[in-house]
Each structure stands twice: as structure tokens, then as C-alpha cells.
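Reader: I have a structure to go through with you. Can we take it contact by contact?

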Amino acid sequence: MNDSLNSTASSGNLPRKFVPEPFAMTVVRLSVFGIVFLAAVIGNFFVFTAPLGNSRLRTFSYCLITNLAISDFFSILWVPLILATEELKSGWIYGAFLCKLINPSQVVCGLVTTNVHVAIAADRYFSIVSPLGHSCSHFRYRRAFIIVSTIWIVAVICSLPSFIFRQALSVTFKSGRKIDYCHEIFPPMNADSEHGYRQMYSVFLFLVNYVIPISISTVLYAKIILHLKKTKLERKKLGRKFSQSSRASTKDTKVYCNDSTQLERRFISMAIVIILIFFFCYLPYQAVFLLAEFTEYTVSWKYVRILMNVVYFLTWLPNALNPICFGAMDQRYSKAFRRICFVFQDSSDKDSKSNQSGSLSRQARKVTYTNV
């Protein structure tokens with residue numbers, strides 16, 4: 001993501017006469033975003049705190065999901081500030097430091113999200129289709145640390161141009177009004193190309209942050225599904241050859257294998273669902289943004305502001321939908337979420353009981369003083 005679409009909408013490329021978003025549509029959009037924001041913050045907080053009370057959520061696969069939740073959590077925290085400047089039409093009011101920090105940090109979190117999707121797909125592939133057989137826990141912990149660190153380091157490196165070329169600019173109009181803007185200003189490639197480097201960076205992020213991760217994940221999940229179907233058919237063929245006595249002797253083993261296979265299938269289904277959500281929610285954003293970078297018609301279309309607001313809103317739906325998918329499709333997260341809710345409920349019950357006991361004791365003291 002080279003820049004937020006709302007920032008593009010407020011840039012000088014847009015015509016002065018364009019159809020504004022209807023007031024009712026703005027109210028609905030911001031109200032729904034408020035719900036999405038709360039669901040994303042609360043849900044992702046539950047996701048990355050759930051492993052603290054459940055050792056089964058500390059495996060490498062769940063560690064990747066924890067990092068996905070962390071990136072979703074911190075990326076959406078900045079969005080209310082961006083929306084405030086857009087809706088108030090006040091320009092950039094947060095200073096040069098936050099101008100350098102907010103959007104580039106969202107680029108980092110976006111890259112972490114896509115890298116985690118690829119890492120989850122690769123982990124499932126090597127665990128199911130081509131297991132490496134590394135059983136040493138020390139190696140697993142070291143591998144998890146190296147992979148997670150690499151994901152974040154690569155994301156920071158790829159977002160460096162956004163950190164470097166993001167600037168806060170002041171524009172003074174003829175009326176004397178002064179407004180600050182926050183934009184990425186790349187140096188010209190040559191005298192005839194004013195925005196060459198910016199367009200190159202946009203294409204680079206489009207490939208690294210969307211096309212390549214989606215393509216790799218699609219290929220890996222396709223191979224996983226084919227392998228599971230093949231394994232299921234082979235087990236059915238082997239099952240027909242077993243005698244009744246051999247089935248009875250291996251009953252407990254079959255139950256364990258069926259349970260573990262069912263958990264594996266559910267986890268893969270969950271991973272596929274969250275990457276499909278990412279694909280469909282980010283596709284309009286990527287398409288509109290690239291058209292805005294390379295075509296003059298897109299930024300001069302009179303409905304472009306409405307379109308950009310809608311596609312920008314869609315990019316934040318995965319932040320709220322992912323925790324819901326985790327809780328609905330994974331038994332371990334479901335149990336962990338219920339446990340966290342029970343902890344909050346128990347603490348609130350204890351507070352209410354302590355308040356009630358305190359009020360009763362005060363009433364008892366009043367009665368004693370009255371009798372005396």
C-alpha cells in the first residue's frame with residue numbers, strides 16, 4: 001500500500017467539482033466502521049492474549065496467527081485519526097512525526113499480514129505434504145523465532161521508501177488560509193517523468209503485498225487439498241482390507257487419528273477462509289489504486305471520492321472478520337475466548353459482590369449506631 005486512498009482523494013490530482021458522498025451514506029459508513037473498529041480491537045486483543053493461558057496455542061502455526069492479530073490490531077488503531085482529518089477536511093493536523101509514522105507503519109503491518117498468510121500456507125504444506133521430521137523442540141522454537149523475525153524485518157525493509165519520502169507539506173491559498181498535507185513525494189526519475197519512482201514503488205508493493213503472496217498461498221493450499229483427498233482415498237482402501245479383529249485392536253488409534261485429522265482440516269479450512277477474505281476485500285483497493293496511479297480518467301471521475309471511501313473501508317473488514325473466524329472455526333480459540341470472557345465476568349461479579357458487601361456493612365453500622 002503506497003498511500004491511503006483517502007489521502008489520494010484529498011490530493012491535488014482530483015478535480016474541484018466532484019460528487020460528494022451523501023450525508024446518509026457517510027453516517028452509515030462511519031457507524032459501520034465504528035463497529036468494525038471495536039470488533040477488530042477487541043477480537044485481535046483476545047487472539048494475541050489467548051496463548052498466555054493456553055499452551056496449545058503456542059505452536060508455530062498459532063504463533064503466526066498471533067503475529068497476524070498483532071499487525072491487524074496496531075494497523076487499525078491509526079485509522080480513526082486518518083478518518084478524522086478526512087471528514088473534517090482540515091488537512092494534516094498531527095505534525096511531521098506522525099506523518100512519518102502512521103501510514104508507513106500501516107504499510108509494515110499490511111506486509112506482515114500477507115507474509116504471515118504465506119508462512120501459514122508453507123507451514124501447513126511442509127507439515128502435511130512434505131514433513132521435514134524435525135521433532136526437537138529447541139529447533140522448533142529457533143525456527144519460529146527466525147521466521148517471525150524475518151517476516152517483520154522484510155516488511156520494514158519493503159516499507160522504507162514510504163518512511164523516507166513521506167513528508168508534511170504546508171500549502172498557502174490565495175485567501176491566506178494555510179493547510180498542511182501528508183503525502184509521499186518521490187524524486188523525479190528524469191525531466192520528463194515526474195512520478196516515475198512513485199509508480200514503480202506502487203507496482204512493487206502490488207506484487208509483493210498482493211499478487212505474489214496470493215499466488216503462492218493458492219498453489220500451496222491446492223496441493224494440500226489434493227494431498228488430503230488422496231490420503232483419504234488411500235485410508236478407505238486400506239480400511240477395507242482390515243479384518244474385524246484388527247479394527248477392534250486399533251480402535252483407539254483410529255479415534256486419535258480421526259480427531260487429529262479433523263483438527264488439521266479445520267485449521268486449514270480456517271486459514272483458507274481468512275486468505276479468501278483478504279483476497280476479496282483487498283482486490284477493489286488494489287485495482288482502484290493502480291488505476292489512480294496510471295490513468296488520469298480515474299482521478300478525474302466525478303464519483304471517485306465515493307468509490308475511494310468504499311474501497312478503503314473494505315480493506316479494514318478482514319481486521320474484524322479474522323478473529324470471528326478464529327473463534328468460530330477453531331476449537332482452541334473458541335475455548336480460549338470463553339475463558340477470557342469468564343475471567344472478565346468473574347472479576348466484574350467479584351467487584352459487584354464487594355460493593356454489595358460494603359453497602360451491607362455500612363447499613364449494619366448505621367443500625368448499630370441507631371440502636372445505641
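Reader: Is F165 buried, partly exposed or exposed?

Author: F165 is partly exposed, with a relative accessible area of 24%. Buried means under 20% relative accessible area, exposed over 50%, and partly exposed in between, with a 1.4 Å probe and protein chains only. This is a predicted model, in which local features need pLDDT of at least 70 and side-chain atom pairs count only at pLDDT 80 or more, while totals for chains, interfaces and linings use all residues. Residues are numbered from 1 along each chain as its sequence is written, and side-chain values use heavy atoms, with hydrogens and water left out.

Reader: And F186, buried or exposed?

Author: F186 is buried, at 11% relative accessible area.

Reader: How are the rings of F165 and F186 arranged?

Author: Their centres are 4.7 Å apart and their planes are at 35 degrees, so the pair is tilted. The pair links distant parts of the chain: F165 is in helix α7, and F186 is in the loop between β2 (178-184) and α8 (196-241), 21 residues apart. Helices (H or I, at least four residues) and strands (E, at least two) are DSSP runs, numbered from the N terminus.

Reader: How many aromatic pairs are there in the whole structure?

Author: The search finds 24. Rings of Phe, Tyr and Trp (its six-membered ring) pair if their centres lie within 6.5 Å; planes under 30 degrees apart count as stacked, over 60 as edge-to-face and the rest as tilted.

Reader: Give me another one. What about F45 and F46?

Author: The ring centres of F45 and F46 are 6.4 Å apart and the planes are at 50 degrees, so that pair is tilted. F45 is partly exposed at 36% relative accessibility, whereas F46 is buried at 14%. Both belong to one aromatic cluster, whose members include F48, Y62, F73, F74 and F267.

Reader: Which residue has its charged end over the ring of F60?

Author: R143, with its charged end 4.6 Å from the ring centre. The criterion is NZ of Lys or CZ of Arg within 6 Å of the ring centre and within 35 degrees of the ring normal.

Reader: Switching to charges. How many salt bridges does the search find?

Author: Seven in the whole structure. A salt bridge here is a side-chain nitrogen of Lys or Arg within 4 Å of a carboxyl oxygen of Asp or Glu.

Reader: Which residue does E21 bridge to?

Author: R29, with the closest N and O atoms 2.8 Å apart. Both E21 and R29 are buried, R29 having a relative accessible area of 11%. R29 also forms a salt bridge with E87, again at 2.8 Å from N to O. R29 lies in helix α2 (residues 23-49) and E87 in helix α4, so this bridge ties together parts that are 58 residues apart in sequence. E87 is partly exposed, at 27%. Through shared partners, the salt bridges join E21, R29 and E87 into one network.

Reader: What does R124 pair with?

Author: D123, with the closest N and O atoms 2.8 Å apart. R124 and D123 are both buried.

Reader: Back to α4. Which of its residues are buried?

Author: In helix α4 (residues 79-88) they are V79, I82, L83, T85 and E86. Seen down the axis of α4, they fall within an arc of 160 degrees, so they line one face of the helix. That arc is taken from the directions from the helix axis to the C-beta atoms. K89 follows α4 and has a positive phi, near 55 degrees.

Reader: Last topic, the surface. Which residues make the nonpolar patch?

Author: I153, V156, I157, L160 and I164 make a patch of about 440 Å². Patches use residues with over 30% relative accessible area and no salt bridge, joining like charges within 9 Å and nonpolar side chains (Val, Leu, Ile, Met, Phe, Trp, Tyr) within 5 Å. Accessible areas come from the Shrake-Rupley method with a 1.4 Å probe, and for residues only the protein chains shown count as cover.

Reader: Which elements contribute?

Author: α6 (137-158) and α7 (160-165) each give two or more residues to the patch. α6 gives the most, with three. V156 is in α6 and is partly exposed, at 37%.
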